[in-house]
Amino acid sequence: MSGLGVTLPVDEGLSAGQYLDLARLAESAGFTDVLVGETAGPEVFSMLGMIAAATSRIRLGSGIVGIYPRTAVTTAQGFATLASLAPGRVFAGVGASSPIIVGQWHGLDFDAPLARLREYVAALRAVWSGERTGVDGAHVRSHGFRSGFGRVEVPVLVAAMNPRMLRLAGAIGDVAFLTWTPPDEYAAKIALVREGAREAGRDPAAVGIAASFWAYAGDRPDEARERMRRFVLQYAMVPTHRPSFRTSLAGLDEASAAWERGDRAAALRAVDDAAVDAMCALGSPDDVAARVAAMRAAGVDLPIALTPGAVAGDLEGAAQTVERLGTVSV
C-alpha cells in the first residue's frame, strides 16, 4: 500500500454524518486511504460501512480496531461484509490497543498482547480463506466456522510501537502501521520490521510501511498547537506508549512525575514546543506536506494524517487540513 491516507479525528465529538463528510472530502481531495479509529468516538464497522457506501475509489479500513473486545470471527466477518460492498478497497488495521482502553473501559484482561495478536491475525485469515476454521491457539480459538462470504482478500495492517511488536508486524502483517514517531526515528523502527520479516522467512521488502502523524493546516494554528500539546501529553502517559515518546519529549520524566501526583498543569508545562513539533505537523499546507515528504524519504509508503480541529468539535479546521494537504501532497 502506498499513497496518502487520512485518519478521521474520532475523538472530536462530531456526528457520524460529519465524519462521513470528512471521508468524502478526503476522496475528492485525492487521498488514497481513509481510516477510522475506535476509542470513544464512532463504532468502527458502522462508520466504515457508511463510508464504503458513500465513496467509490478511496480505500478504507480501521486504524485501529482492538483485538480484545471482539472475537476474531466477529471482526473477520465485519471486514468481509465491508469487502462484499467495496471489493478491493478494504483493509484491516488491528492492534493490541492499551491497558486503559482494554482494562478500564472494557473490563477485560490486557494479557499476552504479542501472542494474542499473532493468533488473532491467523484466525482472521482462516475465516477469510472461506474454509472451516481450525484455530487452536492459547488465546484465540475457533473450530468449524465457515464464512458465508467465501474467500475474501483483506490486507492486514499491524499496529506497532515497541521493538517486539515491530518485529511481529514484520512477521505477520501485510503492512506495519507505525505511530507516534518523529521522522528521524523511522529508519530504526522500519529496520526492526524488516528484521522480523526475515526471521519469519518472509521477503522484508514485501511488508509495507504505514505511519500516522498529527496534522493541522487550518486557520487557527496557535489554538491547534495547544491542543496538540495536550494530545502529546495524553498519549505519552499511556504506559504502553511511553517509550515511543522517550527521545522526542525531553521533559518526559518530569511530565510523568507530575501526572502521577495528579498535577496535570505541571505535566503539560513539561511538553515543550520541540516535543509538539516532533510528533505533529502544524502550519501552512506546505509545512504539513514537508512532514509527508520527510516520512516518504525515511521509507514510509503510506503517510497517514490524523486531522483534529483547533478545538474539540472544530469540523472546519479538520476539513481545511484535509483539503489543503490533499492539494499539495497527493
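How much space lies in the largest pocket? Work through the exercises below to find out.

Before you start: this is a predicted model, where local features need pLDDT of at least 70, side-chain atom pairs count only at pLDDT 80 or more, and totals for chains, interfaces and linings use all residues. Residues are numbered from 1 along each chain as its sequence is written, and side-chain values use heavy atoms, with hydrogens and water left out.

**Exercise 1. Describe the largest pocket and its lining.**

Step 1. Start with the idea: rolling a probe the size of a water molecule over the atoms shows where empty space is left. Here a pocket is an open set of points on a 1 Å grid over the protein atoms alone, where a 1.4 Å probe fits, with protein on both sides within 12 Å along at least five of seven lines.

Step 2. Now the volume, meaning the space filled by probe spheres set on the points. For the largest pocket that comes to about 1200 Å³.

Step 3. Look at the lining (residues with an atom within 4 Å of a point). There are 49 such residues, and Thr39, Ser97, Ile101, Tyr235 and His241 lie nearest the centre.

Step 4. Find the elements, which are DSSP runs numbered from the N terminus: helices (H or I) have at least four residues and strands (E) at least two. Among those giving two or more residues to the lining are strand S8 (156–160), helix H4 (99–105) and helix H8 (221–236). H8 gives the most, with four residues.

Step 5. Sort by class: Ala, Val, Leu, Ile, Met, Phe, Trp, Tyr, Cys and Pro count as nonpolar, Asp, Glu, Lys and Arg as charged, and the others, Gly among them, as polar. The lining splits into 28 nonpolar, 15 polar and six charged residues.

**Exercise 2. Work out how H1 and H2 pack.**

Step 1. Get the angle from the axes (lines fitted to C-alpha atoms over the stretch in contact, with angles from 0 to 180 degrees between N-to-C directions). H1 (residues 16–28) and H2 (residues 44–54) have axes that come within 10 Å and cross at roughly 45 degrees.

Step 2. Name the arrangement: under 35 degrees is roughly parallel, over 145 roughly antiparallel, 65 to 115 roughly perpendicular, and the rest oblique. H1 and H2 are therefore oblique.

Step 3. List who touches whom, where contact means heavy atoms within 4.5 Å. On H1 you'll find Ala16, Tyr19, Leu20, Ala23 and Arg24, facing Met47, Met50, Ile51 and Ala54 of H2. By class, that's eight nonpolar, no polar and one charged.

**Exercise 3. Is H5 roughly parallel or oblique to H6?**

Step 1. The axes of H5 and H6 are 11 Å apart, at an angle of about 20 degrees.

Step 2. H5 and H6 are therefore roughly parallel.

Step 3. On the H5 side, Pro113, Leu114, Leu117, Arg118, Val121 and Arg125 meet Arg164, Met165, Leu168 and Ile172 of H6. These residues divide into seven nonpolar, no polar and three charged.
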